Amino acid sequence: MPRRKKRIGVLTGGGDCPGLNAVIRAVVKTAEAYDMEVVGFLDGYEGLVDNKFRHLDLRDVSGLLSQGGTILGTSNRADPFNYPVLQGEDYVYIDRSNQAVRNYESIGLDALIAIGGDGTMAASAGMAELGLPIVGVPKTIDNDLWGTDVTFGFDSALSVATEAIDRIHTTAQSHHRVMLVEVMGRYAGWLALGAGLAGGGDIIVIPEIPYEVDAICEKIRDRNSLGKNFSIVVVGEGAKARGGDMVVARHVENSPDAVRLGGISNQLSAQIEGITNLECRVTILGHLLRGGSPTAHDRILATRLGMEAIHLVNEEVAGVMVAIYGNELSHTPLTEVAGRLRKVTPDHPWVQTALEIGVSLGNPIEIPIADYMADAVVA
Ligand code: F6P
C-alpha cells in the first residue's frame, strides 16, 4: 500500500500582523518539498474547535509573500480551554479542548503549526499536553514573546512607527510644539523604544520605566534653552507615571487578556502643558502599525520560521516554538514560552544607547537607570 502523505494543520491566532501570510506561504511551499499536505484552520483555534478548515496548496499561496493580514483569518477570543459560547444574551466559557482534539484526529492530522503570540502559545502548550504534536511560530508587533530574540511583524510595525515620527517632526518644528506619538506594544516597550531611537525621539516612555513628569519637562525645557523649540515624545501605550496606572481604553470581554490599552499620551500631554505652558499635540498610531505589507526583513524572517516549522515537523520534534537567536534558527519548549513575556531590561543596548545620546526615558538622570527601574517598578 502506498504510504499516506503526512497531513499538517496550520492556524493563525491573536492580533494580525504583517508576515502571517508569508509564514503560511513558506509552510505550504516547504511542505510540498517534503510531500506533505497542508490544511489551514480558519480564525485561529476557533477553526480547530468548530472544524472550519480549507486545504492549502501552492496555488493558494501564490502572491502571498507581500500581503498583510492572514488569508486564514484570526481570532483573539478562541482559547479552546476557555471557549466563549453565546447562551441567550451572555457568553459562557467552556472547555472545548477535547472537541479540538477530536477534530484534529478526524481530519487525520500528523502535526499542527500554530502561528501566534503569547495567547496562542499558551493555548498551544495546553493542547500539546493533551497529546497534539504542535510547533509554534512567534508572531507579534509587540516583540514580547519569551524564548526568541525577535518575532516577525515587529520590524514592519517599527518601520511604520518610524515613518510616522519622521512626519510628525515637520509639524513639531514648524509650530514649535511638543508632539506626543503613542504606539502599541502592550506591556513591553520594544516598539516605542525602537521607533523612538529610529525616529529621533527626544523623550521615550515605556512600560518598563515608570516616568516622572518633572524629568520629562526638564528635558523639554533643556531643549528649549538650547534653542530647539520643539520636542518629540514617543509613548508606549502601556507606559505609566511612577506610582500611577496604565490607561485602559476598553475591555474585550471574551479575550484571554481582556485589557486593551491606549490613551496615556493624552494624560501626559495635559500634564506637560500644565507644567511647561508649551503647546502639545497627541497622535495615537493604533492599528495603523499592524496593517500593510511586511518589510523585507519580516518577509525573510517569516519565510525562515515557516520553513523551520516544517523541518521540525519532519523530524518529529513537537511541543516547541520555532525561535531565532542572533541569526540562527532554534526552538524553545512551549511550556517555557507560555505565561511569560520578554520585556525591555536596563542593560539592553537600546536603553544604553538612548541614554548615552541624551534621550530622556522619563527617568531622573542623576539615578542610574537599573537602580531607578528596580525602585520605580515596585513603587
Ligand atoms: O498584541 C498586538 C496588539 O496590537 C497590541 O500592541 C495591542 O495592545 C493589541 O494588540 C490591540 O488589540 P486589538 O486588536 O484587540 O485592539
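**Ground rules.** I number residues from 1 along each chain as its sequence is written, and in this predicted model local features need pLDDT of at least 70, side-chain atom pairs count only at pLDDT 80 or more, and totals for chains, interfaces and linings use all residues. Side-chain values use heavy atoms, without hydrogens and water.

**His 169.** I found His 169 in helix H5, residues 154–175 (helices are DSSP runs of H or I, at least four residues; strands are runs of E, at least two; both are numbered from the N terminus). His 169 counts as buried because its relative accessible area is 16% (buried is under 20%, exposed over 50%, partly exposed in between; 1.4 Å probe, protein chains only). I then looked up its contacts (heavy atoms within 4.5 Å). Leaving out residues up to four places away in sequence, His 169 touches Gly 199, Gly 200, Phe 230 and Ile 232.

**Thr 332.** I placed Thr 332 in strand S15, residues 328–333. Thr 332 is buried, at 4% relative accessible area. Beyond four places in sequence, its contacts are Gly 147, Gly 319, Val 320, Met 321, Ala 323, Tyr 325 and Val 337.

**Asp 214.** I located Asp 214 in helix H7, residues 213–225. Asp 214 counts as exposed because its relative accessible area is 56%.
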